Amino acid sequence: MSVNLTLLIVMGALYACGIYLILERSLTRVLLGLMLLANATNLLILATGGYAGLAPLFTKDTPAQDYNDPLPQALILTSIVISFAVTAFMLGIIYRTWVLARQDEIQDDMEDRRVAATPSFDAEDDAEVPAETSEFPLTMLGTDGRDVSNHAGSGTGEDRETDRPVATVLAGGREMPAEHAAAEEQPGSLNVDPHPEGGGQ
Amino acid sequence: MNIASLAPLAVVLPILGAALTFLLIRHSRAQRAVSIAVLSLTLALECLLLASAWNSGTAAVTIGGWLPPWGIVMVVDQFSSLMLVVSSAISLAVLVYATGQGMADGDHDAPVSIFHPTYLILVAGVSNAFLSGDLFNLYVGFEILLTASYVLMTLGGTGPRIRAGVTYVVVSVVSSVLFLIAIAMVYGATGTVNMADLAIKLGELDQGTRTLLHVMLLVAFGIKAAVFPLSFWLPDSYPTAPAPVTAVFAGLLTKVGVYAMVRTETLLFPGDTLNTPLMVVALLTMVVGILGALAQSDIKRLLSFTLVSHIGYMVFGLAMSSAVGLAAAVFYVAHHITIQTSLFLVTGLIERRGGSSSVDRLGGLAKLSPMLALLFFIPAMNLAGIPPFSGFLGKVGLIQAGIELGTPLAYALVIGGVVTSLLTLLAVARVWNRAFWRRPTDAEHPDPVLLATPSARISGPGAKLNTVTLLPRTMVGSTAGLVVLGVALTVFAGPLFGLSDRAARDMLDRAPYIQSVLGSDVQIPAPAGAGGTR
């Protein structure tokens with residue numbers, strides 16, 4: 001059985017160029033690369049059909065082994081249609097990228113960059129908490145033996161609380177700073193009123 | 001007439017529905033009605049298929065009467081019909097959610113009326129991939145669902161979606177080309193693409209060729225299933241899509257890849273030598289995926305990483321190629337489709353209610369909307385594998401199978417699975433603590449909607465006209481439906497595990513599948529290279 005060497009060499013060249021092109025950053029080149037890869041694969045499928053024979057149109061006096069294998073050609077036809085659709089869609093996307101960003105390049109994922117640049121220290125998880133942060137505070141002793149309270153503030157709380165006179169409320173039979181009190185008891189609490197749920201009321 | 005011969009309708013109905021909704025593109029109300037009706041009908045049909053597969057076992061349908069191995073066949077067995085039912089159920093829930101969103105935001109004239117036809121095409125592609133008994137038809141199914149997913153991914157054509165869509169399209173096309181190359185090589189080596197026929201003929205090839213074909217197919221499916229070194233594209237591209245689209249992608253598309261991997265491992269290359277690499281890959285997928293999730297602050301991205309991570313559990317169950325492991329994997333796939341989809345839907349609701357999907361900017365949602373908190377809490381605990389939920393049961397099954405296998409690598413995977421489960425709990429607990437538990441004022445730049453006092457809200461008769469409904473009933477209702485389905489998987493875990501067990505035994509046996517396609521007088525060859533792990 002003879003092998004169609006030209007076909008194989010062309011296929012190899014198409015694969016090589018296609019892989020080179022999809023490694024580029026320019027979208028148009030990536031698209032060209034994908035088209036080359038798809039066509040190289042079509043040639044590969046053609047090659048699996050064996051050597052060339054007669055067209056597979058049945059006539060009575062032709063022995064079966066003289067026909068060409070029709071299945072790979074059917075597969076190629078399907079694959080051509082699919083790659084046509086994908087190419088059209090890619091062209092649409094590339095045009096849209098050009099309209100939006102005036103560039104033909106693959107862009108970085110900003111959120112990914114942001115996460116990568118975020119330090120591993122997380123204020124909420126990792127900061128030493130100088131105060132009881134629960135809604136139901138207890139008076140606590142810090143590691144240095146002094147009283148600590150919410151009012152010492154931490155992280156985002158600090159700038160909010162320092163420049164404000166301490167409001168007090170009557171809670172549990174004694175006066176306590178408003179921040180210490182449970183949310184329901186705080187003056188002007190945001191959370192007192194039950195919030196209507198859903199349904200567009 | 002046999003019920004299983006209705007199987008092609010599971011593909012045809014959504015395609016017809018797509019055509020009809022495309023014609024109705026100017027009538028959004030009719031479009032919604034048609035697509036919901038079509039999907040309900042498909043779901044009912046697939047329940048019948050499942051019942052028939054349960055009662056009378058595997059059945060094959062020859063399309064157009066062309067006999068296998070020449071014609072195309074569709075095979076209904078317990079695994080594929082279970083996948084069909086679960087996938088259609090969640091597609092229906094997501095569709096209701098999406099129509100609710102569309103109605104609430106009033107998109108009557110928006111260009112996204114293309115959503116319904118595309119969505120139905122996606123469902124048709126998924127059904128085709130599940131039913132296909134032919135390697136090339138499987139490829140066509142993949143392409144149908146991928147092409148639809150390209151459109152859905154870039155819906156609206158905004159900058160971030162186009163950027164994410166480019167990555168997604170290029171990666172998908174490359175994986176499809178790899179799959180096509182593998183098909184060409186399989187055809188070149190055996191002269192057939194019928195999977196039952198291949199199951200016999202691949203065993204006659206020499207070991208080197210078999211391994212090459214096996215690896216190529218696994219790499220192609222591994223990209224689609226987002227298995228670790230090939231999972232880079234998923235967290236990049238999924239989160240930017242609209243919430244319902246992300247939800248259905250997360251639930252279905254990767255699982256179609258897992259499904260194809262299961263078929264490759266059990267039917268085409270049984271008892272083969274790639275179990276060890278697969279187990280290593282499963283371990284890395286679990287651990288690396290969940291570590292990625294811990295670094296994220298955006299809930300959608302975090303969930304995308306947990307999605308990658310939990311694919312590792314399924315590959316773990318598959319790689320053990322024992323009946324117990326495979327049954328646990330089948331159960332886990334059904335569980336994970338439901339849970340991951342409901343979590344993404346809830347995230348969509350969180351984004352609507354709280355104005356952001358970043359945990360840094362959210363707070364106090366538990367108090368603002370206890371319903372939302374409940375809807376998040378149940379699937380989140382389920383995902384993390386807290387008893388008694390189905391996530392726990394699936395993981396117990398996998399761990400049991402791993403201990404039964406007893407190799408050092410299996411023990412490493414068992415430990416990795418437990419660690420991943422705990423880290424998942426940590427990841428979802430962080431979301432819970434920040435978005436739901438803390439005071440809104442503690443968040444960084446909280447959205448005003450979180451801080452608005454109830455008295456400041458517009459009231460009076462005109463209020464309803466001016467405000468966008470934050471949590472429309474249809475969206476909350478469909479999400480709640482999925483959450484209930486997830487709980488139902490827990491309640492009916494016994495029968496479901498029984499079904500998974502039978503599906504796994506049939507798949508490992510191979511005879512039901514091959515004989516239903518090629519006739520009952522076919523000799524089933526013993527798996528070549530079998531030794532040890534089976």
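1. I begin with helix H5 of chain B, which covers residues 135-153 and so has 19 residues, and which reaches 26 Å from its first C-alpha to its last, close to the 27 Å expected at 1.5 Å a residue. This helix is mostly covered, in that 18 of the 19 residues of H5(B) are buried. As with everything that follows, these values are computed from a predicted model.

2. Turning to chain B as a whole, there are 22 helices and two strands. Its radius of gyration is 23 Å, close to the 24 Å that the globule rule gives for 534 residues, so chain B is as compact as a globular protein of that length. Taken along the principal axes, the C-alpha atoms of chain B fill a box of roughly 75 × 55 × 40 Å.

3. Of the contacts in chain B with a separation of 6 or more, 80% are between residues 24 or more positions apart.

4. The C-alpha atoms of Val11(B) and Gly125(B) are separated by 7.2 Å, although the two residues are 114 residues apart along the chain. If neighbours within four places in sequence are left aside, Val11(B) is in contact with Ala124(B), Ser127(B), Asn128(B) and Leu131(B). Val11(B) counts as buried because 23 other C-beta atoms lie within 10 Å, where 20 or more are required.

5. Two peptide bonds in chain B deserve a look at the backbone. The bond from Pro68(B) to Pro69(B) is cis, with omega near 5°, and Pro69(B) sits in the loop between strand S1 (59-62) and strand S2 (73-76) of chain B. The bond from Pro387(B) to Pro388(B) is also cis, with omega near 5°, and here Pro388(B) is found in the loop between helix H15 (370-384) and helix H16 (390-405) of chain B.

6. Ser321(B), a residue other than glycine, has a phi near 40°, and its place is in the loop between helix H12 (299-320) and helix H13 (323-354) of chain B. Is Ser321(B) buried or exposed? Ser321(B) is buried, since it has 27 other C-beta atoms within 10 Å and the cut-off is 20 or more.

7. Arg510(B) likewise has a positive phi, of about 70°, although it is not a glycine. This residue is placed in the loop between helix H21 (493-509) and helix H22 (511-518) of chain B. Arg510(B) counts as partly exposed because it has 19 C-beta neighbours inside 10 Å, whereas a buried residue needs 20 or more.

8. Finally, the contact between the chains takes 39 residues from chain A and 42 residues from chain B. On the side of chain A that touches chain B, the elements that give two or more residues are helix H2 (27-48), helix H3 (70-101) and helix H4 (110-117) of chain A. The largest share of that side, 14 residues, comes from H3(A). By class, the side of chain A that touches chain B has 21 nonpolar, twelve polar and six charged residues.

Methods: Residues numbered from 1 in each chain as written. Chains lettered and ligands numbered in written order. Predicted model: local features only at pLDDT ≥ 70, side-chain atom pairs only at ≥ 80, totals over all residues. Contact = placed C-beta atoms within 7 Å. Helix = DSSP H or I, 4+ residues; strand = E, 2+ residues; numbered from the N terminus. Nonpolar A, V, L, I, M, F, W, Y, C, P; charged D, E, K, R; others polar. Buried ≥ 20, exposed ≤ 12 C-beta atoms within 10 Å, placed from the backbone. Rg over C-alpha atoms; globule rule 2.2 N^0.38 Å.
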